[in-house]
Amino acid sequence: MRCPLSFLSESLPTKPTTPSPLSTLTFNPFKNKTFFYLIFSIAATCKASKMDGKLSCRVADAVDYKGFPADKSKTGGWIPAALILGIEICERLSTMGIAVNLVTYMSGVMHLPSAASANIVTDFMGTCFLLSLLGGFLADSFLGRYYTILISASIQTLGTAALAIATKLPQLRPPPCDGTNTCKEANGFQMGILYLTLYLIALGTGGLKSSISGFGTDQFDEKDEKEKTKMAFFFNRFFFFISTGTLMAVTVLVYIQDEVGRSWAYGICSVSMLVAILLFLSGTKRYRYKKSMGSPVIHILQVISAAIKNRKLELPHNVALLYEDSSEHATRIQHTKQFQFLDKAAIVAEGDTAQNPWKLSSVTRVEEVKMVARLLPVWATTILFWTIYAQMITFSVVQASTMERTIGSFQIPAGSLTVFFVAAILITLGVYDRLIMPLWKKWKGKQGFTNIQRMAIGLVLSILGMAAAAVAERKRLAVAKAVGDNTATLPITVFLLIPQFFLVGSGEAFIYTGQLDFFITNSPKGMKTMSTGLFLSTLSLGFFISSFLVLVVKRVTGNDGQGWLADNINYGRLDCFYGLLTILSVINFVAFLVCVNRYIPQEGKDSQKNHSLGEEKC
C-alpha cells in the first residue's frame, strides 16, 4: 500500500522554483490549501501507534462497518477471524452430526430400505454443497459475505430446531416394528416434514460454506507480508476447525443421538449455532469488509454471450486489434491460442461499446474464462473420490450396525465409526507436516508434494480403501451365511472396517488440500470465489453420482428388495458394489493422469499479481 507520508516529497518542494516576496515571511498554514490537504490525508490514513511506536495504516481494499477505510489497528486480525471460525465449527457439528447417523435413523426408525436410506443421505449432502454455489452467487452479487453468513446461519438454526421437533413428535414417525418384524414405512406426510427440515439445513449450510473461508481471509491484508503469513495459518486452522467440528459430531453428538435422544442432539446443534451467531454479531465493528467484484459466473456468461454474438466474425491476424480494457492494466493477462472461439468475444464490431460486457469482453476477461476451462478436465477426474467418500457415511455405517461393537459394557454407536475417518485425516496431516515435508525438502529441495501429486495420492488411497472395503464385506457376508442372515448382530468385530476408514480418510487429507491449492493457484485472480466453487462442486457431484450409481445397480441387479443392494445387506452383495467402485476408480485415475499431463497452465501473464507501480509499503 502506498504510504500517504510520501505525499510530503511530492506536494512540498524543497525550494520554491519562483521566488516570492512572501517567501521570507512566516509560513501561514491557514492560507495554504496544500498544507490542509496534506494534514487531512495523514490524519485519515495513518496514525502513530502508542503500543509499538510504528505507523498503523488503513487497508486499501477494505472498509469498516461504517464504510470508511478499515484501520489495521482496529479491524481484522485473529480475533475477528476466530469469531468467524466459531460459526464454522457449529456448521460442521450440525451437518456432519446429522449426516453420519442419518442412515440409521432412516432404516431403523423410518423403516426405509438400506439403499433408499443411503440415497437420502447422499442427496442431502450433495444439495448442501450444490447450494454453496447459490450462496456464493448471492454473496458476490447482492448480499456480501457478512450478511450471507448471518442469514445462512439463522436458516440453519431454524432447520436444526425444526429437525429436533420432527424427531421428537411421535406423529412424525411410523410406529415401531411389531414382534413379527413387520415394519411400516414412513408415510408421505412424515417424509415430507423430514425433507423440509433437512433441506432447510442444506440451504443454510450452502450459504455458510460459500462465504466463511472468504470472509475469514478478508480479515488479513495480503499486501502486508506479516498479515499474509497469518492468512496462511488461517487456512491451516480453518481445516483444523473443520476436523474438530467433525470429530465432535461423530463422537459426542452421535452418542447423544443413540443413547439420550436425537431431539436432544439436534437441539444442542441449534443452541450452539445460536450462540455462535451472537458471538459473530459481537465482532461486527471489528470486521473488515471488502467490496465484491461481482459474480464470476456472470463474467463467464458475458464472455460466452459475446463470443456467440460474434461467432460469424473473422478473428484479426494481429491480436493487438482485439479489445483490451486499459483500466485492467494492473491485472492484465496476455493472449493465448487455446479456445480461440472465445477470442471472438473481444472482437470490436460496429456499434459495440465497452459499456456492454454482454456484447464485448476484454482479452483479460476472455483469458480468465480460458483459465477456468483448462481446469475442467482435472476437475472432472476428482469427482469420483467424493463418491467413494459418500460410502463411508452411508453403507459403511450400515455395515457397522450389523457387527459386534461392544468394548466391555460400552457399545460404540454405528455412526461413531467415522471417528477413525477423522483420526486418519488428523494423523495424515500431522505426519505430512512434521515428517514427509522435511524429508521431501532434503531430498528434492521442495516444500512438500505439489498440488497435483497430493490429488494423485488421494485418488490412489481411495482405490485401496474401496478394495479393502470389498474384502471386509466378503468376510462379513461369510459370517452372516454361517450364523444365519437374520441375525441382528453378527459375531464379527466392527474393527474390521477400520482399514477402509483410514485409507479413505488419509486420501481426503491429501486430495482436500491438493484440490483447494490447485484451484486457488490456477484460477484467475479476478475470480477468487470460482476456486471455492469448483472445489465444492466436486463434492456435490460426487454425492449425486453415488445416488445415481445406487439407483442403476438396484435396477440392473434386482429392484425387488434383492440384488447387490438388498433391503437387508446380509442378503445382498455389497462387496460387488464396492468392487465396481474400485474398478471405476482405477479407470478414473488413468483419466486423471492423462488430464494432468495435458494440462497447460496459463503462460505469458503480464501479471496475475498486481504491479507495484512504484508504490511503497507503509
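**Packed helices and the spaces among them**

Helices H11 and H18 run roughly antiparallel to each other, because their axes meet at an angle that is over 145 degrees. In this predicted model, H11 covers residues 363–380 and H18 covers residues 574–598. The angle between H11 and H18 is about 155°, and their axes lie 8 Å apart. Two packed helices are described by the angle between their axes together with the distance between those axes.

On the side of H11, the residues that make the contact are Pro377, Val378 and Ala380, while H18 contributes Asn588, Phe592, Cys595 and Val596. Sorted by class, this contact of H11 with H18 comprises 6 nonpolar residues and 1 polar residue, with no charged residues.

H18 also packs against another helix, H15, which spans residues 451–483. The angle between H15 and H18 is about 165°, and their axes are 8 Å apart, which means that H15 is roughly antiparallel to H18. The crossing of H15 and H18 is left-handed, and the contact between them holds 18 nonpolar, 4 polar and 3 charged residues.

H15 can then be followed to a further partner, helix H16, which is made of residues 498–522. The axes of H15 and H16 come within 7 Å and cross at roughly 155°, so H15 is roughly antiparallel to H16 as well. H15 passes H16 in a left-handed crossing, and by class the contact of H15 with H16 has 15 nonpolar, 11 polar and 2 charged residues.

From the helices we can turn to the spaces between atoms. Rolling a probe the size of a water molecule over the atoms shows where empty space is left. How many cavities of 30 Å³ or more does the model contain? The count comes to 4 cavities.

The second largest cavity connects directly with the helices described above, for the elements that give two or more residues to its lining are H15, H18 and helix H12, which runs over residues 383–392. About 40 Å³ of space lies in this second largest cavity, and its lining consists of Leu384, Phe385, Ile388, Leu459, Ser462, Ile463, Ser585, Asn588 and Phe589. Asn588, a lining residue here, is also one of the H18 residues in the contact with H11. By class, the lining of the second largest cavity has 6 nonpolar and 3 polar residues, and no charged residues.

The largest cavity holds about 100 Å³ of space. It is lined by 15 residues, and those closest to its centre are Arg92, Thr246, Tyr389, Ile425 and Glu508. Which elements give two or more residues to the lining of the largest cavity? They are helix H3 (78–108), helix H7 (225–259) and helix H14 (419–444), and H7 gives the most, with 5 residues. The lining of the largest cavity is made up of 10 nonpolar, 3 polar and 2 charged residues.

A pocket, unlike a cavity, is an open space, and the second largest pocket in the model contains about 950 Å³. Its lining comprises 27 residues, of which Ser107, Gly108, Cys183, Asp567 and Asn568 lie nearest its centre. H3 gives the most to the lining of the second largest pocket, with 4 residues. By class, the lining of this pocket has 9 nonpolar, 14 polar and 4 charged residues.

Key:
Residues are numbered from 1 along each chain as its sequence is written. This is a predicted model: local features need pLDDT of at least 70, side-chain atom pairs count only at pLDDT 80 or more; totals for chains, interfaces and linings use all residues. Side-chain values use heavy atoms; hydrogens and water are left out. Axes are lines fitted to C-alpha atoms, for helices over the stretch in contact, and angles run from 0 to 180 degrees between N-to-C directions. Angles under 35 degrees count as roughly parallel, over 145 as roughly antiparallel, 65 to 115 as roughly perpendicular and the rest as oblique. Contact means heavy atoms within 4.5 Å. Ala, Val, Leu, Ile, Met, Phe, Trp, Tyr, Cys and Pro count as nonpolar, Asp, Glu, Lys and Arg as charged, and the others, Gly among them, as polar. On a 1 Å grid over the protein atoms alone, a cavity is a set of points where a 1.4 Å probe fits but cannot get out, and a pocket is an open set with protein on both sides within 12 Å along at least five of seven lines; lining residues have an atom within 4 Å of a point. Grid points are joined across faces, edges and corners, and a volume is the space filled by probe spheres set on the points. A crossing is left-handed if the near helix is turned anticlockwise from the far one by less than a right angle, and right-handed if clockwise.
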